[in-house]
Number of protein chains: 2
Amino acid sequence: MIHHTQATRPTEDDLIARWFAPIAGPGGLGLRDDAALLSPPAGHELVITVDGLVAGVHFFADDPPASIAMKALGVNLSDLAAKGAFPLGFVLTLALPRDWTADWVEAFAGGLGDMALRCACPLLGGDTVKTTGPLTLSITALGAVPEGRMVKRFTALPGDVVFVSGSIGDSALGLQLRLQPDAHWVKAFAPEHSAFFADRYLHPQPRLSLRAALLAHASAAMDVSDGLIGDLSKMMRASGTGAEVDLDAVPLSPATRAAIMAEPTVSEVAWTGGDDYEVLCAVPAAAAQAFRAEALKAGVAVTEIGHVMAAKHGVRFMRDGAEQTFSRGSYSHF
Amino acid sequence: MIHHTQATRPTEDDLIARWFAPIAGPGGLGLRDDAALLSPPAGHELVITVDGLVAGVHFFADDPPASIAMKALGVNLSDLAAKGAFPLGFVLTLALPRDWTADWVEAFAGGLGDMALRCACPLLGGDTVKTTGPLTLSITALGAVPEGRMVKRFTALPGDVVFVSGSIGDSALGLQLRLQPDAHWVKAFAPEHSAFFADRYLHPQPRLSLRAALLAHASAAMDVSDGLIGDLSKMMRASGTGAEVDLDAVPLSPATRAAIMAEPTVSEVAWTGGDDYEVLCAVPAAAAQAFRAEALKAGVAVTEIGHVMAAKHGVRFMRDGAEQTFSRGSYSHF
């Protein structure tokens, strides 16, 4: 990789014209204006979500730039997916640290463009600034839902079945692989499992294909970003409900199961670790079977992990019939 | 001011519930969800603009927190104003440095709420994160224009009259007051002028009331954020046109005129300095009088400073009939 010196670095206008304008959608007006244009399709309303990511807090400064871009867009699209929305586009604020290079920006824009294309979510605009601190990103993603149909976080009802998509904990183990590679239980990971965990941490896959099933059946949903235990508790608190969750039912990948076999306490890392970007939702019992079938047809496995209950029951996590408590309910990026 | 210690600092959820939820609009769903909802009014499309601001780059870390908030929202609203859009709402990413205090956040949210209320642009959502670097903000503002009517930057036509709103340079002098208070020409400012410059730098006033006049008459517009000379050149380049500008016609406040009287080279600071947040626009000659009258009726003075010409003429800045060139055309925050 050739590092350009300060003197030959492109200007902000160069950056935009060379690397960002080519990945802009029509509403971005070729990034020639200070603003972008967008219309939600007829009968739809706009869903807006925003996430900030800071190097050293939400990702590692030396992560591949394409991966940083894909994660930044991915975590926003994960929010849209959980709301039953399809993406329309996004805007980006990119605060570049002092040691930025043209190569870094080129690779970053490449990853961003790939992800934008794959998820049909074009770049609409942005702002590039300098910072004396770490690389910082903010993405605002815009999506659409049929009017009045956004799946909210705070509308779960007692009796609903609680589902979660995919598998939980892989990404948290991928993070531990980075943070404490020499821990005995981390060193015990099989090489192919390590690669899987690392990929799950770096490249969240927004569950956009769950959209129709969520819109049709879910009474409430959110994406799991700060750990299943904490996010589920948050959804129940917001809904004014309790829940009973069967921890043994939480879906785990074969890799995470192997890690837990080797070191049983890893299960807590899986349940409370963050960065899953799976969808957690509540579905009326009568619709549970239809929801599961529709999700599977869309290529996403969903697993029943418990039930919503009245608030007075509290949120209870059960294992072998006994309630479990957690010293650290969730991972907060804050 | 009482500084809370780390131990008693509120959590992210506390911050949101205590200070941000009260200033959220209905589309923000009480900030109880991961996403916000918005519908542009019938017959309108959405205009989206985003600006990032970093302490030490775009503002001073020790500026009053309410002023930082007002500026962050103001610069975004200035973009909407220049596009002929009215505001619908905004989302915020707030990256707090290690030494943040609850008092700071309270004052920041207070200023943000005041500005949001004054400009009818409610908070819709946000993300609060920690950074090891300086305080960093990103605001995405959403507005609406009648379909197909957004006033673009790149559509000026030869023959158009070039107008600018308000007065130019006050804010750049406010910045110099902070950067080099001991310079002889800065020390020569009258105290009441210093206070005016400082206020213009800290508190940009988005020209939202120009909206109807711009929609009715302007063929192109942008806000002046990086200096009049540079931004005008940028608008002409984007439009594929040239221009001839009469520098003596550039509107100056009495305070800036006094500063130039004392030190003539200050005029270059005024013309090229940034942070004006005035509207620069091109208006067909036949509509110039109507535009000026409508702007005045809306309470905004607009001043004719030149004409758009064919590209081959280049962009020429004239003074006493002689062309002036500038060593530094614009202030780049990048």
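Reply: Happy to! Let us start with a definition: a salt bridge is a side-chain nitrogen of Lys or Arg within 4 Å of a carboxyl oxygen of Asp or Glu. The model here is predicted, and a search of the whole structure finds 23 salt bridges over all chains.

Me: What makes B:Arg153 and A:Asp34 a salt bridge?

Reply: Their side chains meet with N and O 2.5 Å apart. The cut-off is 4 Å, so the pair qualifies. B:Arg153 lies in the loop between E5 and strand E6 (161-165) of chain B, while A:Asp34 lies in the loop between helix H1 (12-20) and E1 of chain A, so this pair joins two chains.

Me: Why is the pair B:Asp13 and A:Arg237 called a salt bridge?

Reply: The closest N and O atoms of B:Asp13 and A:Arg237 are 4.0 Å apart. The rule asks for a distance within 4 Å, so this pair is counted. Across the interface of chain B and chain A, the rule finds five salt bridges.

Me: Which elements of chain B give two or more residues to the side that touches chain A?

Reply: Among them are helix H1 (12-20), strand E2 (44-54), strand E5 (136-146) and helix H8 (228-239) of chain B. E2(B) gives the largest share, nine residues. By class, this side of chain B has 29 nonpolar, 16 polar and 16 charged residues.

Me: How do you know that strand E1 of chain A and E2(B) pair?

Reply: Two strands pair if at least two bridges are found between them. Strand E1 (residues 36-38) of chain A and E2(B) have three bridges, in the antiparallel sense, so they count as paired. Here A:Leu37 stands opposite B:Val47 in E2(B).

Me: How much area is buried between chain B and chain A?

Reply: About 4,700 Å² is buried, and carbon and sulfur atoms give 60% of that area. In terms of contact, 61 residues of chain B touch 61 residues of chain A.

Note on methods:
Residues are numbered from 1 along each chain as its sequence is written. Chains are lettered from A and ligands numbered from 1 in the order in which they are written. This is a predicted model: local features need pLDDT of at least 70, side-chain atom pairs count only at pLDDT 80 or more; totals for chains, interfaces and linings use all residues. Side-chain values use heavy atoms; hydrogens and water are left out. Contact means heavy atoms within 4.5 Å. Buried area is the accessible area (1.4 Å probe) that two parts lose on being put together, summed over both. Helices (H or I, at least four residues) and strands (E, at least two) are DSSP runs, numbered from the N terminus. Ala, Val, Leu, Ile, Met, Phe, Trp, Tyr, Cys and Pro count as nonpolar, Asp, Glu, Lys and Arg as charged, and the others, Gly among them, as polar.
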